[in-house]
Amino acid sequence: MTLKSVKNILSFIFILFLSSSLTAQNKKIKVLFVGNSFIYYNNLPQVVSAMAKSQDIIIETKHSTVGGSSLENHWKEERGTQTRGMIELEKWDYVVFNNHSLSPINNAQNFVDYGKRFADLVRSKGAEPVFMMTWAYKSNPLMLPEIEKMYKNLCEQTKTDFVPGGPLFASSLKYRPDLELFHDNIHPSPNGTYLLALAFYKFFTGKNVNTIPTNIATLDTNGQTLYLVFMNDLDAIFFRQLVNEFQFKTLTQKLEVITNPK
């Protein structure tokens, strides 16, 4: 078998795997969000799902989160976490991870080790891992360079993509320091969650976010409207423009690289 034939076979296999992404608008994907309060503040997974639904796209989300938890806690099923069981027993297309916000700074080797373990586990179950790059605390923007370096290092080692939460926060603060992204010193405000959800929508779909609504809603168990995020119109316009113009890899671009190699 020639090298060209091997490359063609690998490309075909990868295309089949990525067909679970949103290359077809009505294709449903299942995403598990794993982490801590950075994810469950303002119900980020549900906001992502609701944004997609507003565009007639189905992103079905669940989460496994415990406040203050690290990926080591999740791996060892400490503090009531059941993440490994959810990955092993349920069918997912993507699993999104965020580690404890201080882990890449205070415990770099642990950060890499457990990131690798989860990436391997997810792939062994036929899904694809994704990392959510976290942000610097409001009180210390100087945290971001180390966070960014460690997430990029982990993703390079695991051949995994990331959603650049931290850099997006920093860019927003640069252009609109008046917009409050924080609920407190570390957790996202509704503004921050709206920004993150836009980034995840762009990542999973590769689509422009201009048509995402200003206010995000879903349905409760009684079928009634449940509002998740209320935004100021002008602020929402700014966030949508920021995400549209911010350069980061999406699943659509990844598929294009595989199908059209240089």
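The buried residues of helix H9 pack against helix H8 (144–158), strand S5 (161–163), H10 and helix H11 (233–245). Buried means under 20% relative accessible area, exposed over 50%, and partly exposed in between, with a 1.4 Å probe and protein chains only. Helices (H or I, at least four residues) and strands (E, at least two) are DSSP runs, numbered from the N terminus. The model is predicted: local features need pLDDT of at least 70, side-chain atom pairs count only at pLDDT 80 or more, and totals for chains, interfaces and linings use all residues. Residues are numbered from 1 along each chain as its sequence is written, and side-chain values use heavy atoms, with hydrogens and water left out.

The chain holds 12 helices and seven strands. Of its 262 residues, 50% are buried. Among contacts in the chain with a separation of 6 or more, 73% join residues 24 or more positions apart (contact: heavy atoms within 4.5 Å).

In H9, the buried residues are Gly-165, Gly-166, Pro-167, Leu-168, Phe-169, Ser-171 and Ser-172. Helix H9 (residues 165–175) packs on helix H10 (residues 190–205) at an angle of about 125°, and the two axes lie 10 Å apart. H9 is therefore oblique to H10. Axes are lines fitted to C-alpha atoms, for helices over the stretch in contact, and angles run from 0 to 180 degrees between N-to-C directions. Angles under 35 degrees count as roughly parallel, over 145 as roughly antiparallel, 65 to 115 as roughly perpendicular and the rest as oblique. On the H9 side, Gly-165, Leu-168, Phe-169 and Ser-172 take part; they meet Gly-192, Leu-195, Leu-196 and Ala-199 of H10. The residues of this contact comprise five nonpolar, three polar and no charged. Ala, Val, Leu, Ile, Met, Phe, Trp, Tyr, Cys and Pro count as nonpolar, Asp, Glu, Lys and Arg as charged, and the others, Gly among them, as polar.

H9 also crosses H11. Their axes come within 11 Å and cross at roughly 125°. H9 and H11 are therefore oblique to each other. Leu-168, Ser-171, Ser-172 and Tyr-175 of H9 meet Phe-238, Phe-239, Leu-242 and Val-243 of H11.

Elsewhere, Asn-110 sits in helix H7 (residues 108–124). Asn-110 is buried, with a relative accessible area of 14%. Residues up to four places away in sequence aside, Asn-110 touches Glu-72 and Ser-103.
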